[in-house]
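This report is meant for a reader meeting the structure for the first time. Please look over the sequence and the model before reading on.

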2 protein chains.
Amino acid sequence: MLRYRNRIEPVGDKSQRLPAAQRRAQLIDVGRAVFAKRGYEATSVEEIADRAKVSKPIVYEHFGGKEGLYAVVVDREMDYVVRRIAEAISTGTPRERVERAALAFLQYVKDHPDGFAVLAHDAPITSARGGMSSLLNDVAEKVGDVFATTFKEAGYDAKAAPIYAHALIGMVTFVGQWWTDVRKPSVEEVANHIAALAWMGLRHLPKRPSLTTSRR
Amino acid sequence: MLRYRNRIEPVGDKSQRLPAAQRRAQLIDVGRAVFAKRGYEATSVEEIADRAKVSKPIVYEHFGGKEGLYAVVVDREMDYVVRRIAEAISTGTPRERVERAALAFLQYVKDHPDGFAVLAHDAPITSARGGMSSLLNDVAEKVGDVFATTFKEAGYDAKAAPIYAHALIGMVTFVGQWWTDVRKPSVEEVANHIAALAWMGLRHLPKRPSLTTSRR
DNA sequence: CTCCTAACTTACGCATAGGTAACTTACGAT
DNA sequence: ATCGTAAGTTACCTATGCGTAAGTTAGGAG
């Protein structure tokens with residue numbers, strides 16, 4: 001009954017029929033790119049399939065649907081960025097931690113623009129509790145926990161910790177978004193300014209900020 | 001041919017048939033609420049019409065379509081928030097300006113949660129240039145201009161002005177988003193912390209920050 | 001009371017997009 | 001060589017949602 005078109009395949013696109021694991025990996029890559037470009041709602045499974053040179057049902061076979069793929073993409077990206085930041089703030093003086101965190105995040109923005117875009121975009125409204133939810137909120141929450149203990153030890157009001165956590169994440173996120181547009185100056189330089197602002201404040205802003213940490 | 005349903009209108013919803021101006025105003029209100037709740041893409045004209053107890057074509061008559069209504073909503077909101085912030089930073093010492101700006105913005109978040117949500121959500125990808133665009137970006141740009149001149153006068157690198165502008169807007173935006181979820185502590189208190197962070201930095205963070213400005 | 005018009009309505013057209021059923025084909029193991 | 005299965009395909013169903021054509025009605029001016 002069903003006759004496939006004569007596949008004369010002009011030239012060029014070489015191999016189809018990847019093993020499951022590879023196809024899965026490829027679809028995650030493609031999915032991240034498309035979600036990054038269009039946002040969740042405006043992304044169509046068709047476009048993802050097309051870009052992967054594959055038909056729609058393949059996507060459903062591997063991920064159950066749009067949400068499933070999105071969930072996997074987000075999960076991986078979150079894991080990656082959280083690990084990277086956690087590593088950055090694991091050692092050093094407080095100031096060094098601030099500097100390293102800013103640099104780590106901006107470097108992430110630079111190296112994984114698509115992943116960052118996915119995280120920065122609105123999450124689908126569906127699942128979550130009450131309000132609107134950005135994915136970065138979860139990151140901020142984790143930072144907030146770290147802050148809370150630090151605050152307690154230093155005799156500060158632990159209730160205020162989330163404020164500062166969200167403030168810093170918002171700062172670096174928004175700057176990251178802007179930076180992806182202009183791509184100048186270098187992330188190192190931007191990180192210097194961000195860290196200076198966060199650490200010294202506008203009041204004691206140095207004219208030409210630089211990191212105390214040696215640039216790795 | 002077309003027979004309307006017997007309109008027995010159980011009870012309660014009183015008047016339909018508003019004059020054009022009022023209907024328009026109502027649709028803007030309803031539209032803002034729905035856009036706030038769902039984001040641009042996920043908003044349907046139907047829902048707006050339903051909530052306004054009106055049929056779809058009315059929306060098209062007044063605004064030409066979804067984009068038209070969205071544009072009007074955004075325009076009004078941008079105008080409002082920019083005016084409010086501009087007012088806040090128009091007088092006083094630099095520090096006072098920072099404090100007043102933070103308070104003004106957070107008060108805006110509190111008083112106009114729907115409007116803020118619309119601005120904080122992703123804008124439709126369509127129109128703008130290259131990258132992804134948040135509406136707040138425009139606000140940040142204006143702030144950047146102000147900073148640039150201030151920086152020049154003070155002998156700082158004007159090229160860095162946009163960094164600080166975006167950092168501060170991002171800070172306050174993200175905190176605002178978080179605050180709409182938890183609604184505690186008071187905006188005044190949150191503004192104190194934000195202003196303290198922006199002005200003093202983490203380094204000289206006071207234990208119990210308060211504004212230099214008298215609370216109006 | 002009549003009639004005109006602004007304010008509405010129903011009922012579609014049509015495109016997009018998520019998801020699925022049924023079928024086909026490459027390829028490696030026996 | 002053949003045959004089983006993983007990998008992939010076409011072709012559909014259904015829902016939703018933007019936008020529009022054509023018809024209806026309230027209510028005030030003359």
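The sections below go from the chain as a whole to its helices, the chain contact and some backbone details.

## Basis of the description

This is a predicted model, in which local features need pLDDT of at least 70 and side-chain atom pairs count only at pLDDT 80 or more, while totals for chains, interfaces and linings use all residues. Residues are numbered from 1 along each chain as its sequence is written, and chains are lettered from A and ligands numbered from 1 in the order in which they are written.

## Chain A as a whole

Chain A has nine helices and zero strands. Helices (H or I, at least four residues) and strands (E, at least two) are DSSP runs, numbered from the N terminus. Read from that end, the order of elements in chain A is α-α-α-α-α-α-α-α-α.

Of the 216 residues in chain A, 37% are buried. A residue is buried if 20 or more other C-beta atoms lie within 10 Å of its own, exposed if 12 or fewer, and partly exposed in between, with C-beta atoms placed from the backbone. Among the contacts in chain A with a separation of 6 or more, 56% are between residues 24 or more positions apart. Two residues are in contact if their C-beta atoms, placed from the backbone, lie within 7 Å.

Helix H8 of chain B covers residues 161-182, which is 22 residues. From its first C-alpha to its last H8(B) reaches 32 Å, close to the 32 Å expected at 1.5 Å a residue; the expected span is 1.5 Å times one less than the number of residues. Because 19 of its 22 residues are buried, H8(B) is largely enclosed by the rest of the structure.

Helix H5 of chain B (residues 94-111) has 18 residues, which should span 26 Å, and its end C-alpha atoms are 25 Å apart, which agrees. The buried residues of H5(B) include Arg97(B), Glu99(B), Arg100(B), Leu103(B), Phe105(B) and Tyr108(B). The buried residues of H5(B) pack against H4 (66-88), H6 (113-120), H8 and H9 (187-200) of chain B.

H6(B) is mostly covered, with six of its eight residues buried. Those residues are Gly115(B), Phe116(B), Ala117(B), Val118(B), Leu119(B) and Ala120(B). They pack against H1, H4, H5, H7 (136-154) and H8 of chain B.

## How H1 meets H4 in chain B

Two packed helices are described by the angle between their axes and the distance between the axes. Helix H1 (residues 20-38) of chain B packs with H4(B) at an angle of about 90°, and their axes are 10 Å apart. H1(B) is therefore roughly perpendicular to H4(B). Axes are lines fitted to C-alpha atoms, for helices over the stretch in contact, and angles run from 0 to 180 degrees between N-to-C directions. Angles under 35 degrees count as roughly parallel, over 145 as roughly antiparallel, 65 to 115 as roughly perpendicular and the rest as oblique.

H1(B) makes this contact through Leu27(B), Ile28(B), Gly31(B), Arg32(B) and Phe35(B), and H4(B) through Leu69(B), Tyr70(B), Val72(B) and Val73(B). By class, the contact has seven nonpolar, one polar and one charged residues. Ala, Val, Leu, Ile, Met, Phe, Trp, Tyr, Cys and Pro count as nonpolar, Asp, Glu, Lys and Arg as charged, and the others, Gly among them, as polar.

## The two chains together

The contact between the chains takes 45 residues from chain A and 45 residues from chain B. On chain A, the elements that give two or more residues to the side touching chain B are H8 (161-182) and H9 (187-200). H8(A) gives the most, with 15 residues. The residues on this side of chain A divide into 23 nonpolar, 15 polar and seven charged.

The same surface serves both copies, as 98% of the contact residues of chain A recur in chain B.

## Backbone details

Most residues other than glycine have a negative phi, and most peptide bonds are trans. In chain A, a cis peptide bond with omega of about 0° joins Lys184(A) and Pro185(A), and Pro185(A) is found in the loop between H8 and H9. A cis peptide bond also joins Lys184(B) and Pro185(B).

Arg183(B), which follows H8(B), has a positive phi of about 55° although it is not a glycine. Arg183(B) is exposed, with 11 other C-beta atoms within 10 Å. Lys53(A) has a positive phi near 55° and lies in the loop between H2 (45-51) and H3 (56-63) of chain A.
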